[in-house]
Amino acid sequence: MTGFIFENAWLIPAMPLIAILLIAVLARGENRGLAGMIGSAAIGVAFLMTCWLGVSYLRLADQGAAAVTWSIEWLRYQDHLVVSLGTLIDPISLLLLVVVTSVSLLVHVYSLGYMAGDEGFSRYYVFLSLFTFSMLGLVLAPNLVQMYVFWELVGVSSFLLIGFYYTLPEAIAASKKAFIVTRFADLFFLAGILVLGFYVHQLVVAGGSAASVVGAATTQTQALDFATINADSVLLALKGQTGIFGTDLLTVAMLLVFVGAAGKSAMFPLHVWLPDAMAGPTPVSALIHAATMVVAGVYLVARMFPGFAASEDALRVVAAVGSFTCLFAAVIACTQTDIKRVLAFSTLSQIGYMMLALGVASAEHPAGFGASMFHLYTHAFFKALLFLGAGSVIHAVGSNEVTEMGGLRKKMPWTHATFLTATLAIAGVPPLAGFFSKDEILGAAWDGHHALIFGVGVFVASLTAFYMFRLYILTFLGGCRSAEAERAHESPPVMTIPLVVLGVMSLCGGWIGVSHFVLPGVELHAHLAVMGISVAAAAVGIGAAFWMYGGQTNRAETIARSLGGVYRLVKHKFYIDEIYLFLTHMIFRFIAAPAAWFDRHVVDGAMNLSAAVVHRFAAGMNVFQTGQVQTYGIWMINGTILVMVFLWLVQR
Amino acid sequence: MSWLSLLILIPLATALGVVVTPESKWYARRWIALWGTGIVLALSFVMSATYMQAVQQRAGDASLLTVSKMEFEHAVPWFSSMGIEYHVGVDGISMAMIVLTAIIIFTGVLASWDVKERSREFFAFLLVLVTGVFGVFISVDLFLFFVFYEVAVLPMYLLIGVWGTGRKEYSAMKLTLMLMVGSAFVLVGLLALYHAAGAATFDLNKLAMVDYSADLQSWVFPCVFVGFGVLGALFPFHTWSPDGHASAPTAVSMLHAGVLMKLGGYGVLRVAVYLMPEGAKQWALFFLVLTTINIVYGAYAAIKQTDLKYFTAYSSVSHCGFVLFGLCSLNLMGFKGAVIQMFSHGIMTGLFFGLIGMVYGRSKTRDLTKMGGLSRRMPWLATSFYIGGLASLGLPGLSGFVAESTVFLGGFFGNRWVDSSTMRVCTLLATSSIVVTAVYVLRGLARVFQGKISNPQFNQLDDATVAEKLCTGILVATLAIVGMYPPVLIDLIEHAIVPIVNRF
């Protein structure tokens, strides 16, 4: 890979970084309006450069080629553990670059309208640019440490943006929750890095000797590079070894990494932060909590896919967690009334789909891998559109509750049309984007003979169509249920144009053969039967939604009432938040508080006690300190005699 | 006359300048102090650059050394009958510590810009204290080292006792006594080594060439480790630190937590680990467990604190644990991470205590439960506090991550003398503190800066002054530079660490 843009791919993440500096210097006080322009322009340039990079890549003879096109030494731990910052260009990083820069650009533009007049306008764009920079760095990472570095940075920018309205208690609480839950998961990721670092390093060092497992390891071979970790010989050698407690080392390492991925991608049971994260500004939810950052976990698993595939158990866990989250979140989504929360649970469910797809792939049958990346790509567009559309509605109505909406179809025609497009896309109606990617996922599960997973996939497809149409009907159809909804009007063009662009992508995005791009040379075939099943599932879901919510009936309430406790359980999200709250409370009460008490009373008490003992002893010694020279003289003479006697005895 | 002597002469001369300034011109004192420390800061940068050149010229041989190679060496006999010399010299580790000290004292003077009460004595003692600290870092002769060490510890008593707040007499007394007991242990250890080496020299590198018996090392090593460990907040000898920091005035807290506590880690590395590898192998496991407790226990204790200074002090106990933990790993990454952590934590905690002083000066309270919404009134201080907080929870891009990740890898890689499973369990426990740290840092910051303004009087408060902006700006920039481009620090220290590792 040669050419200006390959060797200077670092320019892409550098753009938002430059924007941060420019905004900090130029867009202060009265000039804060400039911040949006600077931020959008910078990300626009980054987008154009990504297109240039993409076109140059497509012209290469060798499709599917992967190379680190630029790198500098960053953190030198020791030999073979030298971390570089670099840019890894391969099909999946390129795919993510396109998704991140394009959605980010649209969100930047949209925010010009959505955040206009906000007191923290500059701060908002600084955080947004910081996020984009970090996400691009993550996507391009050629080694595990760079991945972790930017992984944490996207986490902190997400934290800053969720807590953007810093006077609102729920925003503060949500931002802390998001950071701490993902940090907890990152702890496992870090442990995974330590494990892989140690054992792969051992192999690389041994590679210098005759009994080499890593063919031709040079001083340039770094243990934490993806190229090293993903090498067949390394994986084979790792697979044979046993780690702590006699477990399979490779599986342990991969599962540790997967916990990190599950935290960031909000997989069950680490999903609790994502619905609360909706306290941030809506465009942020679209960019970070729907299209880009939350799929970083999927990206990480894809990046380390050879390792997961080599350890079949780890991959099984990915499939299980993915399918469960997919189902679990979709069920909850059916009962929520906050428009953003419905979308948040829908995001969980769709990411579950992506994980599930990775889980059913294998080295021999990688179709699921391609399908997962394909779904990541289409989902980014339609889910960003749904969030931005929701933002447009919230902007107009001033509430998140669908119970205060209704009848917005005529009042907000552009928002309505684009929202409907995205709803159809996510429901899997042909020929929209979601149909193709979802179909590939189901096809991969079918081909892999994963009957249960396939069943879950089809059922969730139906549920998805149901809850999305429920949301659509409650928001846009029927009569207005509040005075604000009566007065609602369409958002300005700066907000609707991004909606239209995303609408076009949601409509046509599926016609591009992403799977072929990601998996060049792999035979992929369509399944007519699976297509039929998935379309039927969608139709059932849509029909059910119209039957329950379409007319002026109380069928929905009747069903909810007849379900009783089950409904309440789902409505309260299975009380998982409450369980966590209880556990945190226990930690505070039984670990932190005793630690603080112990320190003040036992450890410090012991110090003070010894001081008191010395003090007493000194007070006792005062007897000798009479201040009379005669007394001192007597003691001195006595002492000298004693010493002399002692010496005399020793001499003998 | 060596360049290094300037590092102790300039602060002393500045102290003298402060003393002779007449009372009517009290405001001139801070300018004198600022100029004096500014020159030292510039000097420390020039010397680091010169040191780097010297290292590059002899690149390659360092990997074979087992004795630390000193630069800018200079020796004058002092008590020749006992082999005591005024012998100074630096390697990369001491160079990094000198830069750290220079940054902290410069910003400390800026943070003390408004000290009016007995400013003559205040600045004079501060400068004498820093003279002692520089003295420790440039000493090659261990007797000289010990003398400077005492010079550094003593002014602290007066600075806290006179200019402090709260239970200042109690805290000052406690701190001084505990540190004195620590130095007694160190002195015993030094004398034992001196005698074992033939009672002819206190020269560090000459002592390093002596082969001490394993028996001797097995009791001298823990003696020296604990002695210095008291200063480095080793569990359970850390309790002077919360009280001492809470009572000390701003600049003293900065210097104390930022630099003085680093003398502990520095002493352990320079004297205990360097001179007594056999002792280190025998005792590594024991101290590894203690430092793991330090890290985890300090972090949990910090969660429950409501006074900002106690909060930061416990966080320091936890973070200083990483320094000693790294040293117990007995490998390249462990030592390297420990030194980086010394530097990183010094800057970070200096920033914290400086900021706490600034916020306290305005809100007149350090009680977390009474604060709230301050970021609206003081965005600069809030932003700096957040950056410091993120550094302390190990966010990549700031120096804390560089240090902690190196320490974790060092611990996980382990060594041949300690059971690897135990090492790993300890490392993972230590690693788990990153979550606890995130909890207390985010809670604390949210309490102080976010939410609604809790007290109507806070509406009158102003943001940082120019001196305060300069002070916090320098510290934040240092955190960011080391975090974004770690080679600036790693290149400086690596060559000095290799000879120590080679002894194992």
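**Exercise 1. How many helices and strands are there in chain A?**

Keep in mind that this is a predicted model. Start with the secondary structure: chain A has 28 helices and two strands. Next, look at the extent of the chain. Along its principal axes, the C-alpha trace of chain A spans about 115 × 70 × 55 Å. Then check burial: 55% of the 652 residues in chain A count as buried. Last, take the contacts in chain A with a separation of 6 or more; 79% of them come from residues 24 or more positions apart.

**Exercise 2. Find the domains of chain A and say what distance separates their centres.**

Begin with the bounds. The domain assignment puts domain 1 of chain A at 366–571 and domain 2 at 582–651.

**Exercise 3. Work out which helices of chain B supply residues to the side that touches chain A.**

First, get the counts: 37 residues of chain A are in contact with 39 residues of chain B. Next, pick out the helices. On the chain B side, at least two residues each come from α11 (277–303), α13 (332–363), α15 (399–413), α16 (420–449) and α18 (487–502). The top contributor is α16(B), which gives ten residues. Finally, sort the residues on this side of chain B by type: 26 are nonpolar, eleven polar and two charged.

**Exercise 4. Decide how α5(B) and α10(B) are oriented to each other.**

Take the geometry first. Helix α5 (residues 142–163) and helix α10 (residues 250–275) of chain B have axes that come within 12 Å and cross at roughly 155°. Angles over 145 degrees count as roughly antiparallel, so α5(B) is roughly antiparallel to α10(B). The crossing is left-handed. Now see who meets whom: residues of α5(B), including Y149(B) and M156(B), meet residues of α10(B), among them H256(B) and L260(B). By type, this contact has ten nonpolar residues, one polar and no charged.

Notes
Residues are numbered from 1 along each chain as its sequence is written. Chains are lettered from A and ligands numbered from 1 in the order in which they are written. This is a predicted model: local features need pLDDT of at least 70, side-chain atom pairs count only at pLDDT 80 or more; totals for chains, interfaces and linings use all residues. Domain bounds come from an automatic or database domain assignment. Helices (H or I, at least four residues) and strands (E, at least two) are DSSP runs, numbered from the N terminus. A residue is buried if 20 or more other C-beta atoms lie within 10 Å of its own, exposed if 12 or fewer, and partly exposed in between; C-beta atoms are placed from the backbone. Two residues are in contact if their C-beta atoms, placed from the backbone, lie within 7 Å. Ala, Val, Leu, Ile, Met, Phe, Trp, Tyr, Cys and Pro count as nonpolar, Asp, Glu, Lys and Arg as charged, and the others, Gly among them, as polar. Axes are lines fitted to C-alpha atoms, for helices over the stretch in contact, and angles run from 0 to 180 degrees between N-to-C directions. Angles under 35 degrees count as roughly parallel, over 145 as roughly antiparallel, 65 to 115 as roughly perpendicular and the rest as oblique. A crossing is left-handed if the near helix is turned anticlockwise from the far one by less than a right angle, and right-handed if clockwise.
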